[in-house]
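Work through the exercises below with the coordinates open. Each task is followed by a solution in steps.

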2 protein chains.
Amino acid sequence: MKLEKAAKQLESLGNPVRLQVYRALVRAGEDGLPVGHLQDKIGIAASTLSHHLRSLINTGLISQERQATTLICRANFQSMDQLVGYLVNECCLDARCKTDGKVA
Amino acid sequence: MKLEKAAKQLESLGNPVRLQVYRALVRAGEDGLPVGHLQDKIGIAASTLSHHLRSLINTGLISQERQATTLICRANFQSMDQLVGYLVNECCLDARCKTDGKVA
DNA sequence: CTTCTATTTCGACTATTCTTGAAATATATT
DNA sequence: AATATATTTCAAGAATAGTCGAAATAGAAG
């Protein structure tokens, strides 16, 4: 993963609203959650949420699928894997990073 | 780790300059690097670098120690561990999220 | 084809971040 | 004390992000 891409994804996760959204989606697993459900949960204007969702979509961290009038959001687990991989491998490569094991 | 703190650290890492700085410091290991060396490496105004360093310091990702007129910067490996831990545990990295009701 | 629900886009505003040169501070050396 | 080096703080402008309500769009159902 390139540094620029990692930075964009980190920036995207680095907002409390978006991190909350992302966490809810990761925890929801493969089923995902409808936008409306996220809005109820977080309690912000629909347009604001939509704006944050676009940020997460643009960086590839989540995706949306339409089911009738409802948009289902899902975390993209692969991109999270790659991001954590970047932090652990690319950044901790030469150092004694005690995060157990996962060096690819 | 609280969500707010994780978000602040992610935001701090989510800027290309700061991620570059952080990566350089992690790779430099326990010895760290002087501010001036980082400036040469990255090529921005000293005041700009100082501003970014403060962000990384404020979020606990790096620290500084004075050696005569020089300030040595070091990555705080423990805080990186905690942050990756948050992403992995709290947000459930390895998919197959065990949705054990702790959603909030 | 009208209406209903769900969500996005638009427009406008405020707040925050990024950037830099100049001035200030800290420490060492003469 | 005067000078030199390393770095920060200050001040100010430009750029970007966050917020919201209103209007627009997409699809389903009457």
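**Exercise 1.** In β3(A), which residue is the bridge partner of A:I62? Then place the strands of chain A in their sheet.

Solution. The model is a predicted one.
- Step 1: A:I62 has A:A75 of β3(A) as its bridge partner.
- Step 2: β2(A) and β3(A), the latter covering residues 70-75, run antiparallel and are joined by six bridges.
- Step 3: The sheet is open, has three strands in the order β1-β3-β2 (chain A), and pairs them antiparallel.
- Step 4: β1 (33-34) and β2 (62-67) of chain A each have a single partner strand and stand at the edges, so one side of each lacks a neighbour in the sheet.

**Exercise 2.** Check the length of helix α2 of chain A against its residue count, and find how many of its residues are buried.

Solution.
- Step 1: The helix α2 of chain A takes in residues 16-28, which is 13 residues.
- Step 2: The expected span is 1.5 Å times one less than the number of residues, so α2 of chain A should span 18 Å.
- Step 3: The end C-alpha atoms of this helix are 18 Å apart, which agrees.
- Step 4: Ten of the 13 residues of α2(A) are buried, so the helix is mostly covered. Among them are A:R18, A:R23 and A:R27, as well as A:L19, A:V21 and A:Y22.
- Step 5: Just after α2(A), A:G29 has a positive phi of about 70 degrees.

**Exercise 3.** Which residues of the largest nonpolar core touch the most other members, and which element gives the most to this core?

Solution.
- Step 1: The largest nonpolar core has 47 residues, and A:Y22, A:L25 and B:Y22 touch the most other members.
- Step 2: α2(A) gives the most to this core, with seven residues.
- Step 3: In soluble globular proteins, nonpolar side chains tend to be buried together.

**Exercise 4.** How many residues surround DNA strand C and DNA strand D, and which elements supply them?

Solution.
- Step 1: DNA strand C is surrounded by 23 residues, the closest being A:G36, A:S47, A:S50, B:S47 and B:T48.
- Step 2: At least two residues each come from α3 (35-42), α4 and β3 of chain A and from α4 of chain B. α4(A) gives the most, five residues.
- Step 3: DNA strand D is surrounded by 23 residues, the closest being A:S47, B:G36, B:A46, B:S47 and B:S50.
- Step 4: Here α4 (46-58) of chain A and α3 (35-42), α4 (46-58) and β3 (70-75) of chain B each supply at least two residues. α4(B) gives the most, five residues.
- Step 5: By class, the surface near DNA strand C has nine nonpolar, twelve polar and two charged residues. The surface near DNA strand D has nine nonpolar, twelve polar and two charged residues.

Note on methods:
Residues numbered from 1 in each chain as written. Chains lettered and ligands numbered in written order. Predicted model: local features only at pLDDT ≥ 70, side-chain atom pairs only at ≥ 80, totals over all residues. Helix = DSSP H or I, 4+ residues; strand = E, 2+ residues; numbered from the N terminus. Buried ≥ 20, exposed ≤ 12 C-beta atoms within 10 Å, placed from the backbone. Pairing = 2+ DSSP bridges. Near = placed C-beta within 6 Å. Nonpolar A, V, L, I, M, F, W, Y, C, P; charged D, E, K, R; others polar. Core = buried A, V, L, I, M, F, W, Y, C linked by C-beta atoms within 7 Å.
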